[in-house]
Amino acid sequence: MRWAGQQIDVETPGTLPGLGSIAGLVRSVTTPEFRGITFHEVLARSALNSVPGTMLPFNWTINPYRGCTHACRYCFARPTHEYLELDQGEDFDQQIVVKTNVADVLRRELARPSWTHEPVALGTNTDPYQRAEGRYRLMPGIIEALAGSGTPLSVLTKGTLLRRDLDLLTAAAEQVHVGVAISLALLDEELRKTLEPGVPSVRGRLDLIRAVRDAGLPCGVMVAPVLPWLTDSSEQLDQLFAELSAAGATGVTPLVLHLRPGVKEWFMDWLAREHPELVARYESLYGHGTNASPSYRNAFESKVRPLLNKHGFGRTSSHRSHEPSRPPRRTTKRSDTQQEALF
């Protein structure tokens with residue numbers, strides 16, 4: 001990947017209508033290396049987001065970007081763009097909000113006496129290692145700030161750019177618990193190119209898993225989402241788990257596709273174009289909510305369990321290096337908008 005040319009002197013200013021009222025907006029820019037993409041640089045008021053609910057293994061997240069050039073048709077985070085008066089389709093893929101001061105704000109927040117060093121997760125909404133990170137380099141400052149403050153962290157990504165920061169993550173792991181997970185749910189490159197066109201190749205992510213393991217870090221894999229009748233056969237899952245095992249993955253967590261309102265329409269539009277024969281089956285499968293029908297999910301669980309056991313992934317595992325007990329729920333800090341949380 002060439003990053004030459006992605007400098008300030010080649011930018012073309014241009015503010016998207018409707019974003020001028022967004023607090024903290026500094027400028028909107030385009031660059032030749034990101035054809036069709038607009039970056040909206042903002043000064044964030046906060047970096048740490050409090051996660052609502054109690055079902056997750058972390059209470060706090062950081063999202064340095066909003067929107068994602070990975071352009072995954074199924075991305076559950078798409079509706080968060082509506083908060084910015086942008087649409088959850090092409091705008092989510094092409095209008096990327098960048099919190100340019102996120103590391104500085106984070107350092108101030110971590111220095112507060114009230115901060116209790118609870119685990120912080122990155123990659124729970126949009127990918128922190130999407131292509132924009134090669135330009136803005138926000139993650140090194142975030143990693144250093146968290147580790148330097150004694151705060152455990154975890155990263156979930158599809159971005160092979162994480163390899164750039166392996167030395168930083170390895171150094172951080174000497175100070176705090178560090179977890180790394182890669183999202184990889186299919187081996188079919190032709191399907192990937194239409195379903196998640198901005199995501200690095202399957203081979204690139206398998207190589208990334210190897211690099212993470214060679215660096216001495218654990219590396220879990222989120223096999224998510226599993227797509228009914230497209231990537232869910234026993235043969236496909238068996239082959240995928242075999243590849244993940246060979247790459248050194250320390251655990252696998254498979255999750256069946258779920259479709260939120262808005263996301264469902266965007267995904268179904270893709271399905272009608274690419275696999276029209278499956279439209280009626282998906283409409284029936286997801287006819288009563290965001291999750292596949294209970295009968296499908298039960299059958300999938302019965303099918304996947306022996307395959308996980310076969311490849312040494314019998315225990316659903318985490319991408320964390322250790323599993324610290326979940327700290328008591330705190331309510332003293334809220335994000336500016338809970339739209340940025342995982343659920």
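What follows is a short exchange on the terms used for this predicted model.

Visitor: What makes strand β7 mostly covered?
Guide: A residue counts as buried under 20% relative accessible area. Five of the five residues of β7, residues 95-99, are buried, so the strand is called mostly covered.

Visitor: Which way do the residues of β7 point?
Guide: Gln95, Val97 and Lys99 point one way, and Ile96 and Val98 the other way. Side chains in a regular strand alternate between the two faces of the sheet. Here the residues pointing either way are buried.

Visitor: Why are β3 and β7 said to pair?
Guide: Two strands pair if there are at least two bridges between them. Strand β3, residues 38-42, and β7 have five bridges in the parallel sense, so they qualify as a pair. Threonine 38 stands opposite glutamine 95 in β7.

Visitor: How do you know that β6 and β7 pair?
Guide: The rule asks for at least two bridges. Strand β6, residues 65-66, and β7 have two bridges in the antiparallel sense, so this pair also qualifies. Tyrosine 65 stands opposite valine 98 in β7.

Visitor: Why should residues 1-21 not be read in detail?
Guide: On a scale from 0 to 100, pLDDT stays under 50 over residues 1-21. Where pLDDT is low, the predicted coordinates should not be read in detail. The model has 42 contacts beyond four places in sequence for this stretch. Over residues 316-343 pLDDT also stays under 50, with 85 such contacts in the model.

Technical notes
Residues are numbered from 1 along each chain as its sequence is written. This is a predicted model: local features need pLDDT of at least 70, side-chain atom pairs count only at pLDDT 80 or more; totals for chains, interfaces and linings use all residues. Side-chain values use heavy atoms; hydrogens and water are left out. pLDDT is the predictor's confidence in each residue, from 0 to 100. Contact means heavy atoms within 4.5 Å. Buried means under 20% relative accessible area, exposed over 50%, partly exposed in between (1.4 Å probe, protein chains only). Helices (H or I, at least four residues) and strands (E, at least two) are DSSP runs, numbered from the N terminus.
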